[in-house]
Amino acid sequence: METVNQHFGSAKSFAVYAVDMENSELMEAASLENSVKTAMKTSCPSRLTYSRDCAAVYCQAIGGSAINQLILKNIQPVKVHEGSKIKDLIVDLQNE
C-alpha cells in the first residue's frame with residue numbers, strides 16, 4: 001500500500017485517499033479476494049464500487065472497457081509508471 005503497482009482489472013487492493021491542497025488522509029484500504037474465478041465474474045464491478053466517490057483512479061495499467069466505465073462515472077483513470085510511490089503522486093496532485 002505504498003506504491004501503485006497493479007493493473008486496475010486485477011488489483012488485489014486499493015488505497016482510497018482524501019486529498020486537498022495541503023493535506024491527504026488515507027480513508028480506506030480495501031483488499032479484494034485473489035481468485036481468478038471471482039475476478040473473472042466481478043473484476044470491474046467490484047473495483048468500480050471502491051472507486052465510486054473518487055475523482056481519479058491511479059493504476060499501472062487499465063483496459064479500454066474499464067476506462068470507459070470510469071469516465072461514465074466522472075472518474076479520471078490515470079496510468080502511472082510501475083512502482084510509483086503514492087505519497088509522491090499525492091504531492092504531484094496537490095501541486096497541480
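Predicted model: local features only at pLDDT ≥ 70, side-chain atom pairs only at ≥ 80, totals over all residues.

Biologist: What makes β2 and β3 a pair?

Modeller: Two strands pair if DSSP finds at least two bridges between them. β2 and β3 have seven bridges, in the antiparallel sense, so they pair by that rule. For one of these bridges, look at A18, whose partner in β3 is E25.

Biologist: Where is M21, and why is it called exposed?

Modeller: M21 lies in the loop between β2 (13-19) and β3 (24-31). Its relative accessibility is 62%, and exposed means over 50%, so M21 counts as exposed.

Biologist: And why is Q94 called buried?

Modeller: Q94 belongs to helix α3 (residues 86-95). The cut-off for buried is under 20% relative accessible area. Q94 comes to 15%, so it counts as buried.

Biologist: Which residues is Q94 in contact with, leaving aside its neighbours within four places in sequence?

Modeller: They are V19, D20, M21, E22, N23 and S24. A contact needs heavy atoms within 4.5 Å. For M21 and Q94, the C-alpha atoms are separated by 5.0 Å, although the two residues are 73 apart along the chain.

Biologist: How many of the contacts in the protein join residues at least 24 apart?

Modeller: Among contacts between residues at least 6 apart in sequence, the share is 46%.

Biologist: What makes a group of residues a nonpolar core?

Modeller: The residues must be buried, come from a set list of types such as Ala, Leu and Phe, and be joined through side-chain atoms within 4.5 Å. The largest such core here has 10 residues: F8, A11, F14, L32, V57, C59, I62, A66, L70 and I75. Both β4 (56-59) and α2 (64-72) supply at least two residues of this core. There is also a second, separate core of five residues, including V4, V80, L89 and I90. In soluble globular proteins, nonpolar side chains tend to be buried together.

Methods:
Residues numbered from 1 in each chain as written. Heavy atoms only, no water. Buried < 20%, exposed > 50% of the residue type's maximum accessible area, 1.4 Å probe, protein only. Helix = DSSP H or I, 4+ residues; strand = E, 2+ residues; numbered from the N terminus.
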